[in-house]
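Please look at the model before reading the points below.

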Amino acid sequence: MKIKVIANGPIVLDTEDSITINLADSSEEKTGPIFLCRCGQSSTKPFCDGTHRKVGFEATSAELATP
């Protein structure tokens, strides 16, 4: 799995395998890429809905690779 932190945008979990995301009130099985909110303003938290563009969110980028 690769984890990308997009400049001024979300965290991307890029995986070919299906993963389960356990939320407080439910669980969701998803396959990548999965976009996670970083700005805190998404109406679909923890998932990104593009609101970062409207609110002018600014942050740096990064990329991580896991075995």
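The model is predicted: local features need pLDDT of at least 70, side-chain atom pairs count only at pLDDT 80 or more, and totals for chains, interfaces and linings use all residues. Residues are numbered from 1 along each chain as its sequence is written, and side-chain values use heavy atoms, with hydrogens and water left out.

**Fold**
- The chain holds 1 helix and 6 strands, in the order β-β-β-β-β-α-β along the sequence; helices (H or I, at least four residues) and strands (E, at least two) are DSSP runs, numbered from the N terminus.
- Along the principal axes, the C-alpha atoms fill a box of roughly 30 × 30 × 15 Å.

**Burial and surface**
- Of the 67 residues in the chain, 25% are buried, meaning under 20% relative accessible area with a 1.4 Å probe and protein chains only.
- The accessible surface is about 4,600 Å², and carbon and sulfur atoms hold 49% of that surface; the areas come from the Shrake-Rupley method.

**Charges**
- There are 7 positive and 9 negative side chains, with the centres of the two sets 8 Å apart; Lys and Arg count as positive, Asp and Glu as negative, and His and the chain ends are not counted.
- Each charge is placed at NZ of Lys, CZ of Arg, CG of Asp or CD of Glu.

**Negative patch**
- Asp 14, Glu 16, Asp 17 and Glu 63 form a negative surface patch.
- Asp 17 lies in the loop between strand E2 (11–14) and strand E3 (18–22).
- Asp 17 counts as exposed because its relative accessibility is 56%, and exposed means over 50%.

Notes:
Patch = residues over 30% accessible without salt bridge, like charges linked within 9 Å, V, L, I, M, F, W, Y side chains within 5 Å. Areas by Shrake-Rupley, 256 points an atom, 1.4 Å probe, with all protein chains shown as cover. Salt bridge = Lys/Arg side-chain N within 4 Å of Asp/Glu carboxyl O.
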